[in-house]
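Subject: Structure handover and findings

Hello,

Here is the structure for you to look over. My notes follow it.

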Amino acid sequence: MVEGLVIALVAVLCAGALYVASAARVIRQYERGVVLRLGRLRENVRLPGFTMVVPGIDRLRKVNMQIVTMPVPAQDGITRDNVTVRVDAVIYFKVVDPTNAVIAVEDYRFAVSQMAQTSLRSIIGKSDLDDLLSNREKLNQGLEVMIDSPAVSWGVQIDRVEIKDVSLPETMKRSMARQAEADRERRARVINADAELQASKKLAEAAGEMSAQPAALQLRLLQTVVAVAAEKNSTLVLPFPVELLRFLERAQQQPAVEEAGTGRTGLPSSVNGPTAQPPSSAGDGATAQPPSSARNGLPLPEAEMPLPETRTPEEPAVPQTATPPAASSSAERPFAHH
């Protein structure tokens with residue numbers, strides 16, 4: 001009798017141990033438990049710690065509440081400016097409602113992954129290449145909104161979406177490299193031109209200061225000689241004075257001024273002064289008549305001015321003697337009366 005009771009007690013204890021072993025569940029701190037009893041959802045969510053379920057009747061599903069880092073496979077697409085690119089991204093999300101994550105969607109990880117891929121393709125088609133390369137923050141925000149809208153009903157919250165890499169064709173990379181090189185060359189030329197402008201202004205100011213103090217130019221010349229001599233000792237420097245150049249320039253300008261002052265005839269252009277009458281060269285002692293403009297009391301133009309007789313001091317003037325008139329011919333004599 002006693003042995004039977006002992007055996008029965010041992011059997012009950014073994015059955016109880018088996019029941020506890022099969023019904024006991026441990027939920028970690030970062031997990032939540034959703035219990036389905038005979039296919040029906042139990043309202044209360046099991047919290048972290050030790051919990052019991054009915055073996056064979058209840059089914060416990062643990063949901064991870066940690067932030068999940070999921071890479072989005074690279075997607076090929078064509079941007080709005082017709083450039084073929086290959087873009088991949090990474091998405092960070094977590095479950096905020098374990099009940100909806102189990103009931104509302106079959107596999108929330110796969111659903112989020114597919115939604116991220118389709119949203120990434122859509123973003124590529126709506127954006128330009130420059131936006132993908134330089135304005136990623138705005139694209140990340142737009143991609144996060146596109147994924148988060150349907151994920152809310154799944155009990156999933158999208159924390160962050162980042163575009164990780166943008167792969168370009170080799171031809172596009174070479175074109176962008178040429179564009180960047182040309183842009184840098186343009187900026188270098190602009191900076192160089194600005195430097196030349198500033199240097200010219202400073203040189204103009206220095207020239208003004210040196211013109212006020214002529215000795216400064218000589219000192220600057222000596223400094224240049226010292227600088228050239230210090231570079232190569234075998235160099236011979238012969239400074240050429242600027243004053244000599246100015247003297248030669250004035251010497252060339254003086255004959256031109258004299259020719260312009262004397263006029264075309266080489267005489268002083270005293271148009272309004274009295275004009276000398278040239279002596280008559282006729283043999284009969286008749287005097288030459290002045291031009292009509294001189295007779296009327298008007299000044300003679302420069303082209304019609306009579307030339308004065310020039311004599312050299314070595315040769316004395318020879319007085320002109322009147323030539324006797326020639327004998328009249330027999331035809332002009334009166335008839336002689338015999």
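I start with a charged cluster: Asp-183, Arg-186 and Arg-187 are linked in a network of salt bridges. A salt bridge here is a side-chain nitrogen of Lys or Arg within 4 Å of a carboxyl oxygen of Asp or Glu.

Some ground rules. This is a predicted model, so local features need pLDDT of at least 70 and side-chain atom pairs count only at pLDDT 80 or more, while totals for chains, interfaces and linings use all residues. Residues are numbered from 1 along each chain as its sequence is written, and side-chain values use heavy atoms, with hydrogens and water left out. Helices (H or I, at least four residues) and strands (E, at least two) are DSSP runs, numbered from the N terminus. Buried means under 20% relative accessible area, exposed over 50%, and partly exposed in between (1.4 Å probe, protein chains only).

Salt bridges

The whole structure holds nine salt bridges. One joins Glu-185 to Arg-189, with the closest N and O atoms 3.5 Å apart. These two are four residues apart in helix α6, so about one helical turn separates Glu-185 and Arg-189. Glu-185 is partly exposed at 41% relative accessibility. Arg-189 is exposed at 60%.

Another pairs Glu-170 with Lys-173 (3.9 Å, N to O). Glu-170 and Lys-173 lie three residues apart in α6 (residues 170–212), again about one helical turn. Lys-173 is partly exposed, at 42%. The general rule: an α-helix has 3.6 residues a turn, so residues three or four places apart point the same way.

Arg-28 also forms a salt bridge, with Glu-31, at 3.5 Å between the closest N and O atoms. Arg-28 is partly exposed at 46% relative accessibility, whereas Glu-31 is buried at 10%.

Core

The largest nonpolar core has 35 residues. Such a core is a set of buried Ala, Val, Leu, Ile, Met, Phe, Trp, Tyr and Cys residues joined through side-chain atoms within 4.5 Å. Val-85, Ile-91, Phe-93, Tyr-108, Val-156 and Ile-158 have the most contacts inside this core. At least two core residues come from each of β6 (68–78), β7 (84–95), α2 (98–103), α3 (108–126), α4 (129–134), α5 (136–151) and β8 (156–167). The largest share, seven residues, is from α3.

Take Val-156. Neighbours within four places in sequence aside, Val-156 is in contact (heavy atoms within 4.5 Å) with Phe-93, Lys-94, Val-95, Val-96, Tyr-108, Val-112, Asp-148 and Ala-151.

Helix α5

α5 has 16 residues and reaches 22 Å from its first C-alpha to its last, close to the 22 Å expected at 1.5 Å a residue. The expected span is 1.5 Å times one less than the number of residues. Which residues of α5 are buried? They are Leu-139, Asn-140, Leu-143, Ile-147 and Ala-151. Seen down the axis of α5, the buried residues fall within an arc of 100°, so they line one face of the helix. That arc is taken from the directions from the helix axis to the C-beta atoms. β7, α3, α4 and β8 are among the elements that cover them. On the other side of α5, Lys-138, Val-145 and Ser-149 are exposed.

Strands

Two strands count as paired if DSSP finds at least two bridges between them. β6 and β7 run antiparallel, joined by nine bridges. Asp-76 has Arg-86 in β7 as its bridge partner. β7 and β8 are also antiparallel, with 10 bridges. There, Ala-89 is partnered by Ile-163 in β8.

An open sheet of three strands has the order β3-β2-β5, with antiparallel pairing. β3 and β5 (58–64) are at the edges with a single partner strand each, so one side of each has no neighbour in the sheet. Seven bridges hold the antiparallel pair β2 and β5. Gly-33 stands opposite Lys-62 in β5.

Positive phi

Please check two backbone spots. The hairpin of β6 and β7 has five residues between the strands, and Asn-82 there takes a positive phi near 60°. Asn-82 is exposed, with a relative accessible area of 67%. Leu-38 is not a glycine either, yet has a positive phi of about 55°. Leu-38 sits in the loop between β2 (31–37) and β3 (40–41). At 69% relative accessibility, Leu-38 is exposed.

Best wishes
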